[in-house]
Amino acid sequence: SAAIVACGAARLGLSTALAATVGRDAAGDFVLDTLRAAGVDIGNCVRHESLPTALTVCLNRPDGDRAILTAPGCLPAFDSSQVPEVSARHVHAASYFLQPRLAAGLPGLLSRFRRAGASTSLDTNDDPAGEWRLTPGLLAACDFVLPNEAEALALAGALTGEPVSALPAALTTLAKAGPVPVVKRGGEGAVARYEDTDVSARGPRVTPSDTVGAGDGFDAGFLAGWLGRQDIEEALAWGCACGALSTRAAGGTAAQATATEAETAAAEMRVTRERT
């Protein structure tokens, strides 16, 4: 997930680096070569001596349903101590539940970058265990949390200790924990709870070729839009534009938007605000 976000951010013109781990295998070579070709700085990617590169297979159905199978490889071995102290405007973390060692140190890591002046964000992605428990203090260390709608409901339920079935309630719960919740809703666009206002963006419907990585494409677009002007409406419009455009081809990175494409598509998005 973080690698797809990094590729998308680089394609949008941001100076982007990835801190991660891969194996000393052909899959690791492929991943690093692809990132390098996309313009991502891979100087902080480490290669594990014995564990293989993580691999994920996505099985898509014509009706849009899909199954995802991941062989975690070296992902669980990646540690927050392997993330160097570098100068950054923004730090984004992803695949939270697949990296328990990183997860344990993530609140401190993100807090460190915030003290240095960076903004921070988290896309947990799915929790295969279905527990959705976050390290204490993690959400308070994030400026933005970027789940899809199902993930937002699950995260809010874990925080409250009881099921949450309505998105407005999930937004309230997540916002009380500290970050601005930005929830991806597929073809329905996205909504953010920002300063006691629900800001929603939705654009023309597209006929997707493949939705794998669309949420990560949204993340890249949202962050690029936010870092450009720190305007939540523009950030949401850019996120929805980049998420939609990324579905034009198979795979998570093949059809990611350029800045020109994102700006053009974002201008067509409908953005509304509603006081909570």
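How many of the ten residues of helix 1 are buried? Seven are, so to speak for the helix as a whole, helix 1 (residues 2-11) is mostly covered. Buried here means under 20% relative accessible area, exposed means over 50%, and partly exposed is in between, with a 1.4 Å probe and protein chains only.

Before going on, some ground rules. This is a predicted model, in which local features need pLDDT of at least 70 and side-chain atom pairs count only at pLDDT 80 or more, while totals for chains, interfaces and linings use all residues. Residues are numbered from 1 along each chain as its sequence is written, and side-chain values use heavy atoms, with hydrogens and water left out. Helices (H or I, at least four residues) and strands (E, at least two) are DSSP runs, numbered from the N terminus.

Back to helix 1. Its buried residues are Ile 4, Val 5, Ala 6, Cys 7, Gly 8, Ala 9 and Ala 10. They pack against strand 1 (17-23), helix 2 (26-37), strand 5 and helix 6; contact means heavy atoms within 4.5 Å. After helix 1 comes Gly 13, with a positive phi near 100 degrees.

Staying with backbone angles, there are two residues other than glycine to point out. Most residues other than glycine have a negative phi. Ser 95 is not a glycine, yet its phi is positive, about 50 degrees. Ser 95 sits in the loop between strand 5 and helix 3, and at 13% relative accessibility it counts as buried. Asp 196 also has a positive phi, near 60 degrees. This residue is in the loop between strand 9 (190-194) and strand 10 (197-202). Asp 196 is exposed, with a relative accessible area of 52%.

Next, the aromatic rings. How many aromatic pairs does a search of the whole structure find? The search finds six. Rings of Phe, Tyr and Trp (its six-membered ring) pair if their centres lie within 6.5 Å; planes under 30 degrees apart count as stacked, over 60 as edge-to-face and the rest as tilted.

One of the pairs is Phe 97 with Trp 132, which is edge-to-face, at 5.4 Å centre to centre and 80 degrees between the planes. Phe 97 belongs to the loop between strand 5 (90-94) and helix 3 (100-115), and Trp 132 to the loop between strand 6 (119-123) and strand 7 (144-145), so this pair ties together parts 35 residues apart in sequence. Phe 97 and Trp 132 are both buried.

Another pair, Phe 218 with Phe 222, is stacked: the centres are 6.1 Å apart and the planes 15 degrees apart. Both residues lie in helix 6 (residues 214-229), four residues apart, about one turn of the helix. An α-helix has 3.6 residues a turn, so residues three or four places apart point the same way. Phe 218 is buried at 4% relative accessible area, and Phe 222 is buried at 0%. Ring pairs also link Phe 218 and Phe 222 into a cluster with Phe 144, Tyr 194 and Trp 226.

Now for helix packing, starting with helix 6. Axes are lines fitted to C-alpha atoms, for helices over the stretch in contact, and angles run from 0 to 180 degrees between N-to-C directions. Helix 6 and helix 7 (residues 232-245) pack at about 150 degrees, with axes 7 Å apart. That makes helix 6 roughly antiparallel to helix 7. Angles under 35 degrees count as roughly parallel, over 145 as roughly antiparallel, 65 to 115 as roughly perpendicular and the rest as oblique. Among the contact residues are Phe 218, Phe 222 and Trp 226 of helix 6 and Trp 238, Cys 240 and Cys 242 of helix 7. The residues of this contact divide into eleven nonpolar, five polar and two charged. Here Ala, Val, Leu, Ile, Met, Phe, Trp, Tyr, Cys and Pro count as nonpolar, Asp, Glu, Lys and Arg as charged, and the others, Gly among them, as polar.

The other packing is between helix 4 (residues 149-160) and helix 5 (residues 167-176), at an angle of about 55 degrees and with axes 9 Å apart. That makes helix 4 oblique to helix 5. The contact includes Leu 153 and Leu 159 of helix 4 and Leu 167 and Leu 174 of helix 5. The residues of that contact comprise eight nonpolar, two polar and one charged.

Last, Thr 264 in helix 8 (residues 259-266). Thr 264 is partly exposed, at 48% relative accessible area.
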